[in-house]
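Here is a short report for a reader meeting this structure for the first time. Please look at the sequence and the model before reading on.

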Amino acid sequence: MTKPRTTDVGLLSFRYLGAHEVEELADLWGALHQQHTLSAPHLSDIIGATSLDESWRRRRAQYLSWLSDPDTMAILAESGEDLAGYAMVTIRESAQGSWDRGARVAVVQTFAIDPEYASSGVGSKLLEEVRRQLASMGIRDIEFSALATASEDISFLEREGFRPFVTTMVCRVDGFGAHD
């Protein structure tokens, strides 16, 4: 299914991928993997980065698992023959707690834009397509994680209407620090 949209880069179309098409995402994942490892050097003493090949092997397996759920969406943004970006979005049951978020919540597991398309409008249009699809499913809330040091990503999300909600902290089990 392809739905044309216009952006700063010209005609942008969206294609919904099935599990048999996951390999098409490898290069875009590679660019995102590189961005992750470069933008979070503060984690190197706690969490070691994996090689690109190992990273893709793991992520590919996760994508295949997620895509076994019919509500999962893998949306590929294409500009002509170029793969401009993609979003992998899962749906989870909402843990009812302090906030009313509806029965189900969308989780953007991956949002990758080809570096050549950075600041071109592809990210906004891809997110618009994600929102359109989620709204048609009755989903109200989207969770979208960003590395704490990825200020450009955080600024993009804030411009798109996202607000900080939960901060995730990481540490090795045998980490040091104050203990009560």
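This is a predicted model: local features need pLDDT of at least 70, side-chain atom pairs count only at pLDDT 80 or more; totals for chains, interfaces and linings use all residues.

Residues are numbered from 1 along each chain as its sequence is written, and side-chain values use heavy atoms, with hydrogens and water left out.

**Helix α2**

Helices (H or I, at least four residues) and strands (E, at least two) are DSSP runs, numbered from the N terminus. Helix α2 spans residues 52-66 and has 15 residues. From first C-alpha to last, α2 reaches 21 Å, close to the 21 Å expected at 1.5 Å a residue. That expected span is 1.5 Å times one less than the number of residues.

Burial is judged by relative accessible area: buried is under 20%, exposed is over 50%, and partly exposed is in between (1.4 Å probe, protein chains only). Ser55, Trp56, Arg59, Tyr63 and Trp66 of α2 are buried. They sit on the same side of α2 because they cover an arc of only 90° around the axis. The arc is that of the directions from the helix axis to the C-beta atoms. What do the buried residues of α2 pack against? Their partners are α1 (26-39), β4 (82-93) and β5 (104-113).

**Salt bridges**

A salt bridge is a side-chain nitrogen of Lys or Arg within 4 Å of a carboxyl oxygen of Asp or Glu. The count comes to 13 salt bridges. Three are listed here.

| Pair | N to O distance |
|---|---|
| Glutamate 24 and arginine 15 | 2.6 Å |
| Arginine 101 and glutamate 143 | 2.8 Å |
| Glutamate 160 and arginine 131 | 3.6 Å |

Arginine 101 and glutamate 143 meet in a salt bridge. The pair links distant parts of the chain, 42 residues apart: arginine 101 is in the loop between β4 and β5, glutamate 143 in strand β6 (residues 141-144). Arginine 101 is buried at 11% relative accessible area, while glutamate 143 is partly exposed at 22%.

Arginine 15 is buried at 18%, and glutamate 24 is partly exposed at 30%. Arg15, Glu21, Glu24 and Glu78 are linked in a network of salt bridges.

**Around tryptophan 99**

Tryptophan 99 lies in the loop between β4 and β5. Is tryptophan 99 buried or exposed? Tryptophan 99 is exposed, with a relative accessible area of 54%.

Conventions: Contact means heavy atoms within 4.5 Å.
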